[in-house]
Amino acid sequence: MAARIQLPAQARRGEVIEIRLLVQHPMETGYRYDEGGQPIARNVIRTLSCRYAGEEVFRAEMSQGIAANPYLQFTTVALESGDIEFSWVDDEGVAGSERQRLVVTG
Amino acid sequence: MKREGMNAGSDMKHGNGADLARRRLLSVLAASLTWPLWPRQAEAQLSLLDPNVLAFARGAEVRRGRVRLTMPPLADNGNTVSLRVVVDSPMSPQDHVKVIALVSSRNPEPNIARFYLGPRAGRADIATRVRLAGSQRVMAVAEMSDGSFWLDSHEIVVTMSACLDESL
């Protein structure tokens, strides 16, 4: 599962930075049927969390009410240089993760 | 014959007829001024009484304010509707937003999502894209660290509903 992350490469200490995340995922609702008339099982990303230097700063618990290829935008305070990691898992148990380094100056 | 009679009658009571017409016009004008007020109040009450909002608040009082839910008034496609929730909070360790819940009044799964924040967020400001199964009211509820709950709701008209189009 690919994901696109947008966050600044560096920030001043104490600055509130904006994080944008787009995960490629169908977010299958479970309400659709395939060509054979069989229901397609629900498969959505239930939990997505964002850890900054090891500590969780944001978590989303989602349902089929979130559009396909879920997009999330949130903020965090730049405290120290470190990795910002995103990890998620869907109903089929398929997990994904991405990370990006943030350099904090000042 | 009847028409003539009516005309004759209105001519005879010309003053009264005009007075009545003016009164009708005034009452219609007055009604048009007050009409938009009650649905807003009713809508506010409905949001506060939504069973999923009540379940999220676990019996605590939910009040309007502090939360601002921004989304379009009309969406052509219910499969992706952008929305943004901003909560008025200092986001300090003592006073911050813990959870933001998005609740739908019409989706088969009314609990769209919950976002867990904390003082590390700096601002309570999130955006996402949701699916909406038809025209409805979307509610954003924030749980604060002091245990209070705040709500904003938004009515949206959805032209093409999500969950129905099987070809997608």
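Which residue is the bridge partner of A:Leu72 in E7(B)? The legends below, for a predicted model, begin with that pair.

**View 1. A strand of chain A meets a strand of chain B.** B:Thr128 of E7(B) is the bridge partner of A:Leu72. Strand E6 of chain A, residues 71-77, runs antiparallel to E7(B), and two bridges join them.

**View 2. An open sheet contains strands of both chains.** Six strands make up this sheet, in the order E1(A)-E3(A)-E6(A)-E7(B)-E4(B)-E2(B), and the pairing is antiparallel. At the edges are strand E1 (3-6) of chain A and strand E2 (67-70) of chain B, each of which pairs on one side only. From one strand to the next, the twist averages 15 degrees.

**View 3. Two strands of chain A pair at one end of the strand order.** Four bridges link E1(A) to strand E3 of chain A, residues 16-23, in the antiparallel sense. Here A:Gln6 stands opposite A:Arg20, which belongs to E3(A).

**View 4. Chain B touches chain A.** The contact involves 27 residues of chain B and 24 residues of chain A. On the chain B side, the elements giving two or more residues are strand E6 (111-116) and strand E7 (124-130) of chain B. That side of chain B consists of 11 nonpolar, eight polar and eight charged residues.

**View 5. B:Val141 sits in the largest nonpolar core.** This core has 60 residues, and B:Ile100, B:Val141 and B:Leu151 touch the most other members. Leaving out residues up to four places away in sequence, B:Val141 touches B:Val53, B:Phe56, B:Val62, B:Ala101, B:Val103, B:Phe149 and B:Leu151.

Definitions and conventions: Residues are numbered from 1 along each chain as its sequence is written. Chains are lettered from A and ligands numbered from 1 in the order in which they are written. This is a predicted model: local features need pLDDT of at least 70, side-chain atom pairs count only at pLDDT 80 or more; totals for chains, interfaces and linings use all residues. Two residues are in contact if their C-beta atoms, placed from the backbone, lie within 7 Å. Ala, Val, Leu, Ile, Met, Phe, Trp, Tyr, Cys and Pro count as nonpolar, Asp, Glu, Lys and Arg as charged, and the others, Gly among them, as polar. Two strands pair if DSSP finds at least two bridges between them. A nonpolar core is a set of buried Ala, Val, Leu, Ile, Met, Phe, Trp, Tyr and Cys residues joined through C-beta atoms within 7 Å. A residue is buried if 20 or more other C-beta atoms lie within 10 Å of its own, exposed if 12 or fewer, and partly exposed in between; C-beta atoms are placed from the backbone. Axes are lines fitted to C-alpha atoms, for helices over the stretch in contact, and angles run from 0 to 180 degrees between N-to-C directions.
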